[in-house]
Amino acid sequence: MNFDEIKQLDDLYGAETFSRYPVALVSGKGATLKDSEGKRYIDFGAGIGVNIFGVNDEEWKQAVIGQLNRIQHASNLYYAEPQARLMELLCKRTGAKRVFFANSGAEANECAFKAARKYSFSKYGGGRSKIISLNQSFHGRTLFTLTATGQDSFHRYFDPFVPNVVSVDANMESVRKEINGACAVVIEPIQGESGVTVLNKEFVRALESFCREKDVVLIVDEVQTGNGRTGKLYAYEHFGITPDIVTTAKGIAGGLPFGACLFFEKTEHTLSAGDHGSTFGGNPVCCAAAINVISRLTEELLLEVQGKSDYLRAKLRLTDGVKAVTGLGFMIGLETEKNAKEVANECLKRGLLVLTAHERLRLLPPLTITKNEMDEGLSVLKEVLK
Ligand SMILES: *Cc1c(COP(=O)(O)O)cnc(C)c1O
């Protein structure tokens, strides 16, 4: 099908939930993609931080195909080697004690919120069900995670929301005011969707000890920041904290739908049989993909990510029209003189895919992007931003 044919069907039959760019991406290699008309693009978006190793990565494909040739699904009624291996890998790499597998970021967070409520209920009884999130956060589109998303624009039409979820400013005074009756605080180490804003380190560390003191579960939403994106396996490592629960998704399986909820010591035994579940969660093909991703995110590769992101950031800081460069590693926010959405549209026309996050540009390149691909993308950005 050519682009017009694809668009026509989508316009006619798709639920009208997406305002899409006028492009259908069909193939590629690494961070170089092609659309249905054969036009070439450099990819600074990685499918919103999902395609960690770009597209068409040989080793990743072999892992996926290898599992497809065995069994594609068996259900959580039975044990599965890919699940068991991935659980061990995630725990050994992070210090987490146990893992639950989901299919998306929202579901990973949903699991974390339920676990936090149960942790508190089992220990203290009722009256401690409050979940505290931060203003400008994003935690997903299910009703519970949407309630926790601290941005009013997402809340139109959908009330009533889940009771006892509040959002506060990212400072200790605001958290303290709400802590009575709370079972959990949830943070993104870098607020991605709302503009790539890194949380203040002192705040995050103070929050960690305050949560420990109050026996409140600290949930770190690493759906976007996790899996090597910031140059560490998980971004909480930049802050020197140990969370009680970490959720992740997006890049974890390198392009297949997958999420994980990691339980650290405090919440290790919180969930028991029947408390939570998922038909597809822990799907063996997705697990095989995630094993490939996590086992390849070695210290060496993470250092490479840091080096490449330093290079890209240094060039961006020197680019005319760039007011500020935010974020960590390959999670880059750009405050620009020109309107971000217009810049993104103009980049697209010139063969560069970038993302936006509110008023900023957001760059989430594949971790394996080459220097040539970065330079090619940079030269487009330069032209468009000046
Ligand atoms: C994308 C995102 C989510 C939601 O993930 P889905 O897979 O779309 O459900 C949740 N939290 C953060 C921080 C995200 O970036």
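Strand β11 (residues 245-248) and strand β12 (residues 259-263) run antiparallel and are joined by four bridges, strands here being DSSP runs of E with at least two residues, and helices runs of H or I with at least four, numbered from the N terminus. The model is predicted, so that local features need pLDDT of at least 70 and side-chain atom pairs count only at pLDDT 80 or more, while totals for chains, interfaces and linings use all residues. Residues are numbered from 1 along each chain as its sequence is written, and side-chain values use heavy atoms, with hydrogens and water left out.

Within β12, Ala260 is the bridge partner of Thr248. Both strands belong to an open sheet of seven strands with mixed pairing, in the order β4-β12-β11-β10-β7-β5-β6, where two strands pair if DSSP finds at least two bridges between them. Because β4 (98-102) and β6 (165-168) stand at the edges with a single partner strand each, one side of each is left without a neighbour in the sheet. Neighbouring strands of this sheet are turned by 20° against each other on average, direction ignored.

A second open sheet has four strands in the order β13-β14-β17-β16, with antiparallel pairing. Its edge strands, β13 (322-328) and β16 (355-357), each pair on one side only, and the twist from one strand to the next averages 30°. Strand β17 (residues 360-363) runs antiparallel to β16 and is joined to it by three bridges; Arg360 in β17 is the bridge partner of Ala357. Helix α11 (residues 340-349) packs on this sheet, touching β14 (331-336), β16 and β17, and its direction makes about 45° with that of β17. Contact here means heavy atoms within 4.5 Å, and axes are lines fitted to C-alpha atoms, for helices over the stretch in contact, with angles from 0 to 180 degrees between N-to-C directions.

The table gives polar contacts, which are pairs of N or O atoms within 3.5 Å.

| Residue | Protein atom | Ligand atom | Distance |
|---|---|---|---|
| Phe138 | polar backbone atom | nitrogen | 3.2 Å |
| Asp221 | polar side-chain atom | nitrogen | 2.8 Å |
| Lys250 | side-chain N or O atom | oxygen | 2.6 Å |

Taken alone the ligand exposes 380 Å², of which the protein buries 81%, with accessible areas from the Shrake-Rupley method with a 1.4 Å probe.

Technical notes
Polar contact = N/O pair within 3.5 Å; in protein donor to acceptor, adjacent residues only side chain to side chain.
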